[in-house]
Amino acid sequence: IRLGGEVLAGPGIDIRCEQRRIGLMFQDLALFPHLTIAANVAFGLKSLKKPERRARVRELLQVVELERHADKFPHQLSGGEQQRVALARALAPHPRLMLLDEPFSALDSSLRAEVREHILALLRTSGVPTLLVTHDPEEAVCSGDRVHVMQDGLLVQSAAPDELYHRPANEFVANFFGPTLKFASRVKGGLVTTPLGMVAAPERGDGEDVDVLFRTEAVHLRADYRGDGLSGHIIGCRRLGPACNLSIRLDNGSTISLRKPSEIPHAVGMRMGFDIDQRFAFVFRKSEDIDVLCNY
C-alpha cells in the first residue's frame, strides 16, 4: 500500500497507524462520550504543545462552525453537529488522506443531503484527497469527482459520474444509477431488435445473444398518439406526489413499467405513443437473467 509514493504496508514494511497521517470518519462517528467537543478534536494532537493544540482546536471548531459548543459533550449535539465534530477530529493532525466509511448513513434523509454538502465543501476547502465509501448511488454521483464501482469485491469501472451514467461498463453499473428496462435479443447485421425498437450494437458479432438495457428516461411518452411509431395502452397508474408509476402494455404484447411526471396526462386505458432516445440504450453480453426474449 502506497500513499504519495511512500510504502505504508508491504513485505517487511508496516508503518504504524499513527504515523501514516490518514484521517478516518467512522460510520458510527465513534466520538468519545466522556470528552468535551474540544477534547474530542484535540485527541490526535498529543504531540503538540498545549498552546499549539488549543490554537489548532479553536481553528477547526471555527471551520466547522462549532466554536460555541467547545465545552459541550457529544450527546448534547444534533446528528449533523456530531458529524462535523468527527470531521474536525479527523482533520486535526493534518492528514494526507481522508477515509469516510458511509459517514452519512445514520442521518435522516432530510438532513443527509444538507450535512453531506457542508462536510464535502469543508473537505474540498482543506484540499485533502478523500475516499468515501457509500452504497447510495445518488451520494456517489453528488460527492465524487471520480467514482469507483465495485461488484463482488472487484473494481468493475472507475470514471467520472457522467461517464458511468452514459457509458456503463456492464449491467450492474447501469442498474446502480437508476431503474432500467431489460430485454434479451440477438445481434443481426450490427443491430438488435427489442419491443422498444432497433438498437445499434456495432461492437457485438452477428448471432451473439445479448441483453439490451434502456434507462427509463429513454422512453418519451406522447399523449397525442397519431397512429405512427411505437404505442401502447396504460394498464396501471399509481400517483406518488409529483410522479406517477405507470404500467404500459405495448402493442406487441410486452409490458413495461415507468415512472413519469404527474403533469403528463395519464389514465388507465389511455393509448400512448412514445419515442426512444437511443443515448440511454446499452447492449451487453447476455447474462443468466432473462426478462423478455425477443425473437423477430
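These are my notebook entries on a few features I looked up in a predicted model.

**Entry 1. Aromatic pairs**

I began with the aromatic rings. I described each pair by the distance of the ring centres and the angle of the planes. My count came to 6 aromatic pairs. I looked up Phe32 and Phe43, whose rings form a tilted pair with 4.6 Å from centre to centre and 40° between the planes. I then checked where the two residues lie. Phe32 is in the loop between β5 (22-25) and α1 (37-41), and Phe43 is in the loop between α1 and α2 (50-63), so the pair ties together parts that are 11 residues apart in sequence.

Next I looked up Phe172 and Phe176. Their rings form a stacked pair, with 6.2 Å between the centres and 25° between the planes. Phe172 is partly exposed at a relative accessible area of 30%, and Phe176 is partly exposed at 23%. I also noted that ring pairs link Phe172, Phe176 and Phe177 into a cluster.

**Entry 2. Charges over rings**

I went back to Phe43 and looked at what lies over its face. I found Lys46 there, at 4.4 Å from the ring centre. I recorded another case at Tyr165: the charged end of Arg215 sits over the ring of Tyr165, 4.1 Å from its centre.

**Entry 3. A sheet of strands**

I turned to the strands. Strands of a sheet pair through backbone hydrogen bonds, either parallel or antiparallel. I looked up an open sheet of 3 strands, in the order β10-β13-β19, and its pairing is antiparallel. Which strands are at the edges? I wrote down β10 (180-186) and β19 (281-285), as each pairs on one side only. From one strand to the next, the twist averages 25°.

I then followed β10 to its partner. It is joined to strand β13 (residues 209-215) by 7 bridges, and the two run antiparallel. Across from Phe183 I found Val212, in β13.

**Entry 4. A hairpin**

I looked up strand β8 (residues 147-151) and strand β9 (residues 154-159). They run antiparallel and are joined by 5 bridges. For Val147, I found that the bridge partner in β9 is Ala159. The hairpin of β8 and β9 has 2 residues between the strands, and in this hairpin Asp152 takes a positive phi near 55°.

**Entry 5. Cysteines**

How many disulfides does a search of the whole structure find? I got 0 disulfides. I still looked up two cysteines for their accessibility. Cys17 has 60% relative accessibility, so I listed Cys17 as exposed. Cys244 has a relative accessible area of 0%, so I listed Cys244 as buried.

**Entry 6. Pro51**

Last, I looked up Pro51, which lies in helix α2. Its relative accessible area is 62%, so Pro51 is exposed. I also looked up how far Pro51 is from Arg112. The two are 61 residues apart along the chain, and their C-alpha atoms are separated by 35 Å.

Key. Residues are numbered from 1 along each chain as its sequence is written. This is a predicted model: local features need pLDDT of at least 70, side-chain atom pairs count only at pLDDT 80 or more; totals for chains, interfaces and linings use all residues. Side-chain values use heavy atoms; hydrogens and water are left out. Rings of Phe, Tyr and Trp (its six-membered ring) pair if their centres lie within 6.5 Å; planes under 30 degrees apart count as stacked, over 60 as edge-to-face and the rest as tilted. Helices (H or I, at least four residues) and strands (E, at least two) are DSSP runs, numbered from the N terminus. Buried means under 20% relative accessible area, exposed over 50%, partly exposed in between (1.4 Å probe, protein chains only). A charge sits over a ring if NZ of Lys or CZ of Arg is within 6 Å of the ring centre and within 35 degrees of the ring normal. Two strands pair if DSSP finds at least two bridges between them. Axes are lines fitted to C-alpha atoms, for helices over the stretch in contact, and angles run from 0 to 180 degrees between N-to-C directions. A disulfide is a pair of cysteine sulfur atoms within 2.5 Å.
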